[in-house]
Amino acid sequence: LTWNVMSKRRGLSLEEKRVKLLELFFEKKSFFQLKELEKLAQKEKGITSMSVKDVLQSLVDDGMVDTDRIGTSNYFWSFPSKAFNIRKGKLQQLRNSVGEMDGKKAVVQRELEAAQVGRENTEAYAQLLKAVESKRKAKESLATELDHFKACDPKTLESLCKQTEQAVEASNRWTENIFAVKSWCKNKFSVEEGEMDKQFGIPEDLDYLK
């Protein structure tokens, strides 16, 4: 009893009115004019007569209720079989949508797998880049130290120059290794150099030290 009182106080939502109005059509299995529906809906389903027209129009727009003009009057009707066919059609649409989504998912999965080609040597690239960066820092450190000793003993300067040359040679060897691996990947996996540089963090201006 309490629930019924609360329900009446808050009123029916639009969806609840649609369901109840359809129930009325299914139960009566007949044809109605708007005036008849307004009276029956308020009496048997608790739908206020003033809202029947809008609720009815929403059902007509969704294809749940049929309507036709006979003479000077508009008649409305809906049978359970129509609702069944509509639900069946919507179910088929959903199934088709699921099938399309599965197809799109498969395409994306193949694209992801293809994108992984050529990235197997990530660890090797990382090691090469780390070694090159280490040599660069060593060369910069030696160059800085050399500046501090320009006015020092010639033998010290000569030693520092040799160390610098060795560092440059080592750095160039690593640079050559990177160019060789890039060339191999490009020929093996048809990967663009720009894409490899971006993927593995290789500077675009990477070149031999002089």
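1. Strands here are DSSP runs of E, at least two residues in length, numbered from the N terminus. Two of them pair if DSSP finds at least two bridges between them. Keep that in mind for the hairpin of S1 and S2, which has 2 residues between its strands. In this hairpin, glycine 71 takes a positive phi near 70°. Please note that the model is predicted.

2. Now the overall layout. The chain has 8 helices and 2 strands. From the N terminus on, the order of elements is α-α-α-α-β-β-α-α-α-α. The chain has 210 residues, and 25% of them count as buried. Take the contacts between residues at least 6 apart in sequence: 59% of these join residues at least 24 apart.

3. Back to the strands. S1 covers residues 66-70 and S2 covers residues 73-77. In which sense do S1 and S2 pair, parallel or antiparallel? They pair in the antiparallel sense, over 5 bridges. Two positions can be checked by eye. Isoleucine 70 has serine 73 of S2 as its bridge partner. Threonine 67 stands opposite phenylalanine 76, again in S2.

4. Helix H3 deserves a careful look. It spans residues 34-44, and its buried residues are Leu37, Glu38 and Ala41. Why do the buried residues of H3 line one face of the helix? Seen down the axis of H3, they fall within an arc of 105°, so they share one face.

5. Take lysine 39, which has its place in helix H3. Its relative accessibility is 64%, so lysine 39 counts as exposed. Lysine 39 and serine 49 are 10 residues apart in sequence. In space, their C-alpha atoms are 6.5 Å apart.

6. Next, the partners of H3. The buried residues of H3 pack against helix H2 (14-28), helix H4 (49-61) and strand S2. After H3 comes glycine 46. Glycine 46 has a positive phi, near 75°.

7. Is the crossing of H3 and H4 left-handed or right-handed? It is right-handed. On the H3 side, the contact is made by Leu34, Leu37, Glu38, Ala41 and Gln42. On the H4 side, it is made by Ser49, Val52, Lys53 and Leu56.

8. Turn to the aromatic rings. How many aromatic pairs are there? The count comes to 3. One of the pairs joins phenylalanine 25 and phenylalanine 32. Their ring centres are 5.9 Å apart, and the planes make an angle of 65°. The pair is edge-to-face. Phenylalanine 25 is buried, and phenylalanine 32 is buried too.

9. Another pair joins phenylalanine 31 and tryptophan 77. This pair is tilted, at 5.2 Å centre to centre and 55° between the planes. Phenylalanine 31 lies in the loop between H2 and H3, and tryptophan 77 in strand S2, so the pair ties together parts that are 46 residues apart in sequence. Phenylalanine 31 is partly exposed, with a relative accessible area of 44%. Tryptophan 77 counts as buried, at 18% relative accessibility. Ring pairs also bring in Phe79: Phe31, Trp77 and Phe79 are linked into a cluster.

10. Finally, a residue further along the chain. Threonine 175 is found in helix H7, which spans residues 154-189. Is threonine 175 buried or exposed? At 1% relative accessibility, it counts as buried. Which residues is threonine 175 in contact with, leaving aside its neighbours within four places in sequence? They are Val132, Leu206, Asp207 and Tyr208.

Methods. Residues numbered from 1 in each chain as written. Predicted model: local features only at pLDDT ≥ 70, side-chain atom pairs only at ≥ 80, totals over all residues. Heavy atoms only, no water. Helix = DSSP H or I, 4+ residues; strand = E, 2+ residues; numbered from the N terminus. Buried < 20%, exposed > 50% of the residue type's maximum accessible area, 1.4 Å probe, protein only. Arc of directions from axis to C-beta. Contact = heavy atoms within 4.5 Å. Phe/Tyr/Trp six-rings, centres within 6.5 Å; stacked < 30°, edge-to-face > 60°. Left-handed = near helix turned anticlockwise from the far one by under 90°.
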